[in-house]
Amino acid sequence: MKTFLGSLYHAFDMANPTHIVWCVGILLMILVLAILHRVWKADPQKLTIWRWLCLLPLLTAVVHYVIYAAGSMSALISFIPLYALPLLALLPVPFAKRKIGYAVTSAITGILTVAIGFYFCGTSPNFYNFSRMSYTESFHALAQQMDENYVLKEWKEVDFTALEEKYMPLVEEAEQEQNPSKFCEAVRMFCWELHDGHIFVASDFDMEQYPLQIEFHDYGLSMVQLDNGDVIAVCTSEEAQKLGITDGTIITHWNGKPIPQALLEDTQDQGFPVKANADRLAPMELAMLGGDTVDVTFINADGTEKTATLSDLGELESIRKAQAAFSRMPEIQTMEDQQAFLDNNFSTKMLDDKCGYLVLNAEVTDSGFLDILSYLMGKHPWAREMFREKLRDLKAQGMEYLVIDLRNNMGGMDEIACALVSLLTEEDWYGQGLGIRRNGKYICVSDHDIKGDGEFADLQAVALTNYNCASAGDGASLYLSKLPNVTLAGITDPNGCNQETGGECLLSGGVVTVSYPVGLILNADGVPNIDTAPDRISRNPVEVRIPFDAEAAERIFVDGEDYELTWAMEYLKEQAE
């Protein structure tokens with residue numbers, strides 16, 4: 001019960017008090033209308049007045065929409081429970097003179113109103129509509145709002161006043177030119193400085209009329225950096241190959257600059273929480289930077305340096321191929337693509353006669369209600385039994401060891417990963433704590449522990465992770481890495497973020513929306529769980545770094561092999577021998 005009440009406290013603490021006031025106001029109107037009907041039902045004239053008064057909650061909701069939600073579809077969706085309340089209040093109106101009809105409809109309305117009202121008050125969105133303000137005004141409002149509500153302000157030592165002063169000149173320039181692209185870029189750079197994988201900047205403007213300030217090109221190749229420091233070409237086109245640059249060719253200079261200098265001076269800090277991940281991915285960005293042409297110096301087949309001029313091919317095909325191959329992330333452009341990705345969640349199979357395989361694309365089940373209930377309870381018994389059944393089935397097929405694939409995990413509920421962990425250990429230990437932020441201090445209000453079940457505690461496993469494994473996926477990486485029978489492995493570390501999202505600001509004209517975390521997740525020491533400090537060093541690094549050499553690059557980018565998965569199978573086989 002303590003965990004449940006603490007989780008409720010945490011949830012209500014995250015809710016926006018402004019919208020709770022509006023919700024309570026509408027609920028009070030509905031209550032007063034119910035009382036007035038009881039008093040006036042015998043007077044036809046007063047009953048007519050009562051019917052008109054029933055529109056007051058709806059009018060209130062319309063005013064709320066105009067003030068807070070107009071111009072944002074995501075805000076409208078978030079406020080649907082609030083806007084449903086006045087519609088429910090209209091349900092008994094046609095039956096005002098009918099004793100049984102009114103009794104039934106008012107009873108239904110009452111039950112649904114209480115349930116929806118309670119739900120909305122516990123999930124009231126931290127949405128702020130600054131769309132009617134100018135670029136500079138909305139940017140200032142964003143900085144102030146994040147200064148107040150951004151949950152990791154103290155942990156990451158963020159000075160929002162200084163950041164606002166740093167980027168306000170760019171915002172002022174964008175405002176003078178009325179250029180939404182420049183405005184978006186300024187806001188994006190402002191947010192990147194926080195190095196938080198849970199901060200997102202979305203844009204909505206005509207990019208053909210207002211192209212991005214940083215123009216990317218496709219010169220017929222992408223680049224990656226090997227463990228020994230060499231930067232090599234990958235996903236090369238016929239045009240690049242004709243000039244002597246093939247997959248695996250070592251690149252020494254880009255546009256006249258030595259590669260280390262070009263990486264330092266020309267690539268942008270794009271907000272990756274873990275600096276090591278950002279450094280690993282920086283060559284891919286560099287491969288897109290230049291003009292209509294770019295001079296590339298490389299080690300020729302005879303071992304000598306040679307410089308070639310590459311032309312922009314227009315499409316970013318090389319970088320898309322490289323990113324997809326390196327991350328093993330399918331391209332997601334539509335809701336159907338995302339659904340297909342999630343449909344593979346929790347899937348299992350045998351990779352060979354001894355190695356089982358379990359995919360965790362996200363920590364969500366088919367039952368959103370059970371997921372929310374598990375969040376409040378601090379445990380997910382339904383997910384535990386789901387995992388138990390799947391692991392037993394693999395055991396029946398001959399599984400002796402297991403690969404758990406967390407790569408590109410989109411997150412969800414940490415309790416689901418903890419349910420899996422409970423089956424892989426006999427020990428009881430701390431999972432995570434739900435916290436509140438008071439005057440810059442972090443206070444835990446609900447402990448979510450892992451109770452060891454132990455049925456598969458002797459099962460050796462490798463958990464594969466990568467830089468796209470974020471949020472609850474990050475949590476899964478951490479919890480699994482604590483088990484002696486599980487090895488967390490990857491070429492890159494997990495993303496480095498684990499707080500709860502919920503903050504959202506719609507800026508001037510609706511051209512930019514910023515989302516950020518407002519819910520606090522703590523570890524056993526009472527500090528933010530997983531998220532990087534200002535040093536940007538991973539607090540959840542892989543235990544075994546999968547080698548990334550020239551052979552590995554060839555297997556990934558040329559052969560299209562799932563190199564990390566093959567490595568995990570071979571690693572487990574060696575451990576078993």
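In which helix do Lys 275 and Asp 279 both lie? The two residues belong to helix H13 (residues 275-286), where they sit four residues apart, about one turn of the helix. The model is predicted, so local features need pLDDT of at least 70 and side-chain atom pairs count only at pLDDT 80 or more, while totals for chains, interfaces and linings use all residues. Residues are numbered from 1 along each chain as its sequence is written, and side-chain values use heavy atoms, with hydrogens and water left out. Helices (H or I, at least four residues) and strands (E, at least two) are DSSP runs, numbered from the N terminus.

Lys 275 and Asp 279 are joined by a salt bridge (a side-chain nitrogen of Lys or Arg within 4 Å of a carboxyl oxygen of Asp or Glu), with their closest N and O atoms 3.1 Å apart. Lys 275 is partly exposed at 40% relative accessibility, and Asp 279 is partly exposed at 36%; here buried means under 20% relative accessible area, exposed over 50%, and partly exposed in between (1.4 Å probe, protein chains only). Another salt bridge links Arg 407 to Asp 405 at 2.8 Å between the closest N and O atoms, and both of these residues are buried. Salt bridges that share partners also join Arg 384, Glu 385, Arg 388, Arg 392, Asp 453 and Glu 455 into one network.

The structure holds 25 salt bridges in total. One of them brings together the side chains of Glu 193 and Lys 166 (2.5 Å, N to O). Glu 193 lies in the loop between helix H10 (180-192) and strand S2 (200-203), and Lys 166 in helix H9 (residues 160-177), so the pair ties together parts that are 27 residues apart in sequence.

Turning to the strands, an open sheet of four has the order S6-S5-S7-S8 with antiparallel pairing. Its edge strands are S6 (257-258) and S8 (305-311), each of which pairs on one side only; two strands pair if DSSP finds at least two bridges between them. Strand S7 (residues 293-299) runs antiparallel to S8 and is joined to it by seven bridges, with Val 296 opposite Ala 308 in S8.

Elsewhere, S14 and S15 run parallel and are joined by four bridges, and Val 462 stands opposite Thr 487 in S15. Five of the five residues of strand S15 (residues 486-490) are buried, so this strand is largely enclosed by the rest of the structure. Val 486, Leu 488 and Gly 490 point one way from S15, and Thr 487 and Ala 489 the other way.
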